[in-house]
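Colleague: Hi! Could you walk me through this model before I start on my own notes?

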Amino acid sequence: MLKTWRTRIMVFLAVLGPGFITANVDNDAGGIYTYSQAGARWGYLSLWTLIPITIALILVQEMCSRMGAVTGKGLSDLIREEFGLRVTFTVMTLLVLVNLTNVMANFAGIASSLELFHISRYFSVPLASVAIWFLIVKGNYKSAEKIFLFACILYVAYIISGILVKPDWTQAAIYSFKPTVMLDRDYIEMLIGLVGTTIAPWMQFYLQAAVVEKGITAKEYIQSRVEVIFGCIVTDVVAFFIIVACAGAIWSNGPRDIESAAEAAKGLLPFGQYAYLLFSAGLLNASVFAACILPLSTAYSVCEGLGFESGVDKSFAEAPIFYWLYTLLIVIGAAVVLIPGFPLVRMILFSQVINGVLLPIVLIFMILLANNQRIMQEWVNSRFYNLASWITVVVMIGLSLALAGISIRSL
Amino acid sequence: MAESVLFFTELLGLPVLDVKGRRMGRLRDAALVPLVHPARIDRFLVGGGWAWLSIRYDQVASISLDGIRLKDEVLTPYHSDEYMLRIGRDLLDQQIIDINGRKVVRVNDVTFEVRSAGGNGNGNGANGHDHNCLWILEVDVGVRSIFRRLVQGALPPRWIRRLQRPIPPNSIRWEFCNIVEPDPQRRLRLNISHEKLERIHPADLADIVEELGQAERGAIFESLDSEVAAEALSEVDPKMQASILESMEPEKAADIVEEMSPDEAADVLSEMEESTSEDILEEMEVAPESEVRELLEFEEDTAGGMMNTEYITLHEGATVEDAITALRGNEDQLENLNSLFLVDSEGRLTGAVPLARLFVASGATPLRQLASETLISATVTDHQDDVTELFDKYNLLALPVVDEEKRIAGVITADDIISVLRQK
């Protein structure tokens, strides 16, 4: 008995990685800003969305890791094989655009979090981009994954800072289960933002590729499923504490809009040096983490889908397009942060529009693929699963389009 | 104007004209029937009205960018395609193996050569029916073919040809393409063999296989010769080895496992679930099975789990002459052998003779005189870290492993150590 438990835990730890990492990267600089803004402006009101968001996230991520485990192929591979080159090319172009702006947002996160520690962005951003480039190109996946798993643990910083702020826990508990809908444009915009930032297209590509890379097979998939669910829950627990911290620190002293995640960190200052430091360190960690994974994941997805050589184990001459794409994403993403007066906020709004177009397409492809008997054999979606995931998709499409619409208006 | 080459993207959608030059419909796909001919397009599928029609290659008069002209009216409806490899459906956008480049590539487009052939294949044939047919020349990968696919239909084909000129082409000759088909029945019908893959070095083959999907991987190993499959499989990532064998029929898996060295076989089997590995063991021949079973008893990270049982022992009183005779009887082990082991009458290890010393000694020399000065050995229960340390400290190539009674149980060779270190 003891032995079977021990093996079970061992197997779980062995597959720990892809799902857990993906779900955590999801709380990147953009995500943290969205959660902080929700807490600072609306207090505890938005907490109820976290449970449905978690369920939707689990549904979507589970499909991806299942497809990866069963087929041994990446999502872009499957899209290419089933839907042809033109569709793949369009999806990949949109993905590169969305991810490029995401990379920018995360380098901006690195810059502003380090500025809280009085380090100039003209020093921090070039240094970080070079370090990230080398970690991935010169390191190997195993060591990188260990670093990433460690980065996941650092998200605890948010949980502690949330506790340090001493928010109103009774209110937080009540609003976690009490749906509150107001016909207020800003409020709805915020809700859409919360959902949109949590379920992003690139995550699906990254997760599936990571499951394949790790060599998880259909048989081990059960453990992998547990891991995906665990990762999604942890992600939203972190989100909960960010919202609660900002609600307790900023909203309770007068609701207001904040301009960046760094501003949220400053808002925590009255509650002690530690809350402030932890929040800023958390932002730095999340930004570096996402800036590592996003360019890599993009380069992989594009090259797989379009049939170019890819992989950090290949040389530059063998996989030129892979390396160029990866390098350009980092260079451009880092460079724009250093250009004074670059319209970063507009770029991010623009990226949310493309995101709104891309996400429904990717989700629909995923459901079609996960229902394809030839590809998935006995692991196709069950009827209940399909119902649940179609509902998720329809809601997501509605919300994404609404967000895209709002973003276009404010462009 | 007749073209000498045509791309599949151009072929697709070409108008098909009947004997009187009336338009019948557009070309939807083209298919090889590999059992009939490996490179000549055998069927053209045309869509017109309700159903698709199937055109045999010898019913075509001419093929050019302006259209396909037929010389025969009697067309059959398209229904069964069991024996057809349809270019658009089965080849385009799929992964194939480039034998020369030793890598997996994705097909963007296919280049055909337009050939003229008489009825009997000798120019203007006896019956005078001159006609065009298409031969697959190359499979296109890379940027040029992506460009062609993207603008296909948006610009006239001749413009596209001119525009693509500055982009360097990237194609693989059809002879060097290997299609991967997971379904064994279809593989038979489409005459797909993986013989060409057997020419690739096992280590390269392992890299190729790692890039494919689960089903394709299993398919390749199933159709390879067991010996080649075993060599390639030992080069594949250990976790993947198990999943590949699990996906196969136990009988075929057993054939491959038999060809592997016993220690590698034991490593793979220990990665699997017990019921599956048991099925495979039962299918194996008695001799290799019992060797592997013995090895399976040991924990993976001990000397017992690392060792293999391919070694040669001689009685401590034996001479060089006896050693040569023993080697002659074990030719299959010679490739990886670098020491002989001496045992007493109880089977206890008493010495190790480096193989090279045999060459400079006369036939009557007792082996005991040639043995290394210090006898270094490990016990089956020693941890792998200690074993690695021994190799490092004494610069070993091979290390004998003994059981509790000092009887020889197996030998660990330097390549086992390298695998252990690589996995860390």
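Modeller: Happy to; we will go through the chains, their contacts, and then some helices and strands.

Colleague: What kind of model is it, and how are things numbered?

Modeller: This is a predicted model: local features need pLDDT of at least 70, side-chain atom pairs count only at pLDDT 80 or more, and totals for chains, interfaces and linings use all residues. Residues are numbered from 1 along each chain as its sequence is written, while chains are lettered from A and ligands numbered from 1 in the order in which they are written.

Colleague: Great. How many helices and strands are there in chain A?

Modeller: Chain A has 18 helices and zero strands. Helices (H or I, at least four residues) and strands (E, at least two) are DSSP runs, numbered from the N terminus.

Colleague: And why is chain A called as compact as a globular protein of that length?

Modeller: Its radius of gyration is 20 Å, close to the 22 Å that the globule rule gives for 411 residues, so chain A is as compact as a globular protein of that length. That radius is taken over C-alpha atoms, and the rule is 2.2 Å times the number of residues to the power 0.38. Along its principal axes, the C-alpha trace of chain A spans about 60 × 55 × 45 Å.

Colleague: How many residues of chain A are in contact with chain B?

Modeller: 13 residues of chain A are in contact with 15 residues of chain B; contact means that the C-beta atoms, placed from the backbone, lie within 7 Å. Helix α5 (residues 75-116) of chain A gives the most to chain A's side, with six residues. By class, that side has three nonpolar, six polar and four charged residues. Ala, Val, Leu, Ile, Met, Phe, Trp, Tyr, Cys and Pro count as nonpolar, Asp, Glu, Lys and Arg as charged, and the others, Gly among them, as polar.

Colleague: Now for helix packing. How do α14(A) and α15(A) cross?

Modeller: The axes of α14 (residues 273-306) and α15 (residues 320-338) of chain A come within 9 Å and cross at roughly 145°. Axes are lines fitted to C-alpha atoms, for helices over the stretch in contact, and angles run from 0 to 180 degrees between N-to-C directions.

Colleague: Which residues meet there?

Modeller: Among them are Leu296(A) and Val302(A) in α14(A), and Phe322(A) and Leu325(A) in α15(A). The contact has 11 nonpolar, one polar and no charged residues.

Colleague: Over to chain B. What is its domain assignment?

Modeller: Domain 1 is 1-180, domain 2 is 193-297 and domain 3 is 313-423; these bounds come from an automatic or database domain assignment. The C-alpha centres of domains 1 and 2 of chain B lie 39 Å apart. Eight residues of domain 1 are in contact with 11 residues of domain 2 in chain B. On the domain 1 side, β10 and β11 of chain B are the elements that give two or more residues.

Colleague: What sheet are those two strands in?

Modeller: They belong to an open, antiparallel sheet of three strands in chain B, in the order β11-β10-β15. Strands pair if DSSP finds at least two bridges between them. The edge strands are β11 (103-106) and β15 (177-179) of chain B, each pairing on one side only.

Colleague: How many bridges are there between β10(B) and β11(B)?

Modeller: Four, in the antiparallel sense. Ile97(B) has Val104(B) in β11(B) as its bridge partner.

How values were computed: Two residues are in contact if their C-beta atoms, placed from the backbone, lie within 7 Å.
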